[in-house]
Amino acid sequence: MIVLDERAIARALTRIAHEILEKNTGSRDLVLLGIPTRGNALAQRLGAKIASIEGEEVLTGSVDATLYRDDIGLTGDNPPLKEMDIQFSIDGKIVVLVDDVLFTGRTIRAAMNALMDFGRPAAIQLAVLIDRGHRELPIRPDYVGKNLPTAPNEGVRVRLEEMDGVTSVILIDKTSEKK
Amino acid sequence: MRLKKKDLLGISELDPDEIRLIIDTARNFKEVSEREIKKVPTLRGRTVINLFYEPSTRTRTSFEIAAKRMSADAINISISQSSVSKGETLKDTAKNLEAMRPDCIVVRHPVAGTPHMLSRHLNCSVINAGDGMREHPSQALLDLLTIMEHKEEVSGLKVTIVGDIAHSRVARSNIYALTKLGAEVTLSGPPTMIPPGIEALGSGGAVTVEYDFNKAINGADVIMMLRLQLERQGAPLFPTAREYSNLYGLSSERLKGAKDDLLILHPGPINRGVEITPDVADGPYSLIIDQVTNGVAVRMALFYLLLGSSRDDRAEGNTSEEDG
């Protein structure tokens, strides 16, 4: 089931861009860090929108939380490492973490710990395209594209042009997907 | 994604996908060493013991730094200050070390197969840091990472390994690694230093022997020079170091017709002026220092892959992307 189509996603991101600027009174000291892989693409899109509104480029990068996960050694797999790309100081910056789906909050916790190894931001905020609920940690997003209450057996798939060829958010039934 | 083993005993027992997994993981780990705070909490609370029965600076330090950058605790044991000098057997030493619950033992030993023996007796992971003349897998992996940073595809590359092949575990591990990924390997050196039948080690790519050094390096994409291991030779295999250098030393003179994108590797420590001249060792084709940097990343990747997943498969498939 399609929950958001391409245009709805674009509108949500435009709104979030404005909300970020409103809350932080402009784009000064603003840094957008995406959580790989789709959070990166969303951070780029948000960066472009903010730049077109404010007329100034915003620093963007990528923060991979894999090495800070709390389930290393507990799962049968080694989670693959992804892109860590922070080519600037984040000291004193307002860092907006960008992810596609907010679920348990554990990735965000891990990403915040990773950030602490890179510097001391003035503030960390969180922007997500979908908040699907089921938090396991006291974490709350500052900017939400869409609140999407889900059942535990449901899954949310975000597809973005940059990596998937199409842009949409769909809700799936995981029990029927598993073979 | 995981290594399907608890130990890394040799490249000979890895399949090409496992080799690629280690290299790809190591690529990502390089970034950690470039940070101001060069440490991630990933293996907090794990213990790694470096058990070295042979002298080593580079490899031991590299394993130690890798473990520490992953937040594991690293303990170094070298034979001169251990109970081995009091007559304890290797198996007893290992059993006693295991009683202190390490998660991984990194072992270097002059006898081939020692890591295998330890692996059979120990529940913790065992990493081979060099066993006799057999294998030195982490060296071959860091060599491969260094090559793959400069060449898109290993398959079809012409790689020449030069020197004392007979005594070299680095050469053996590299022959396995390179041919498994489809490279063509040429071995060169004095006939006394090239064991008959060495060609049979190749799988996937071909292994050939060319005693003429100039012919062997002609058209090469990668030249890997080996150190003349004087300490491993009984009767000398060549008359003098000077003669060896004249016949098999890599000098800028010999590199006149070399490809522009030639890569020169050497596992170190180098004997300047013997197997390689200083101007070549420090020259534009040389990646000798990059190899050392990459060694830390490869060993971090090995610790991550061997210690960073549970042995049982209870939680298999728990890493889907949306869970966040």
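**Two chains, two residues and an interface**

B:Glu64 is buried, with a relative accessible area of 16%; buried means under 20%, exposed over 50% and partly exposed in between, with a 1.4 Å probe and protein chains only. This is a predicted model, where local features need pLDDT of at least 70, side-chain atom pairs count only at pLDDT 80 or more, and totals for chains, interfaces and linings use all residues. Residues are numbered from 1 along each chain as its sequence is written, chains are lettered from A and ligands numbered from 1 in the order in which they are written, and side-chain values use heavy atoms, with hydrogens and water left out.

Back to B:Glu64. The residue sits in helix α2 of chain B, residues 58-69; helices are DSSP runs of H or I with at least four residues, strands are runs of E with at least two, and both are numbered from the N terminus. What does B:Glu64 contact, leaving aside neighbours within four places in sequence? The partners are B:Asn50, B:Ala74 and B:Asn76, where contact means heavy atoms within 4.5 Å. With B:Asn76 there is a side-chain polar contact of 2.7 Å. A polar contact is a pair of N or O atoms within 3.5 Å; within protein, one must be able to donate a hydrogen and the other to accept it, and residues adjacent in sequence count only if both atoms are side-chain atoms. B:Val296 is 232 residues away in sequence, yet the C-alpha atoms of B:Glu64 and B:Val296 are 8.8 Å apart.

Next, chain A. A:Gly39 belongs to helix α2, residues 38-54, and is buried at 0% relative accessibility. Beyond four places in sequence, A:Gly39 touches A:Gly34, A:Val98, A:Asp99 and A:Asp100. From A:Gly39 to A:Leu97 the C-alpha distance is 8.4 Å, across 58 residues of sequence.

Now the interface. The predictor gives the complex an ipTM of 0.88 and a pTM of 0.92. Chain A brings 33 residues to the contact and chain B 30. Together they bury about 2700 Å², 48% of it on carbon and sulfur atoms; buried area is the accessible area, 1.4 Å probe, that two parts lose on being put together, summed over both. A:Leu67, A:Asp77 and A:Asn78 supply 26% of the area that chain A buries against chain B, more than any other three residues.

How many residue pairs are in polar contact between chain A and chain B? Seven, both residues at pLDDT 80 or more. On the chain A side, β4 (94-102), α3 (106-116) and β7 (154-159) each supply at least two of the residues that touch chain B.
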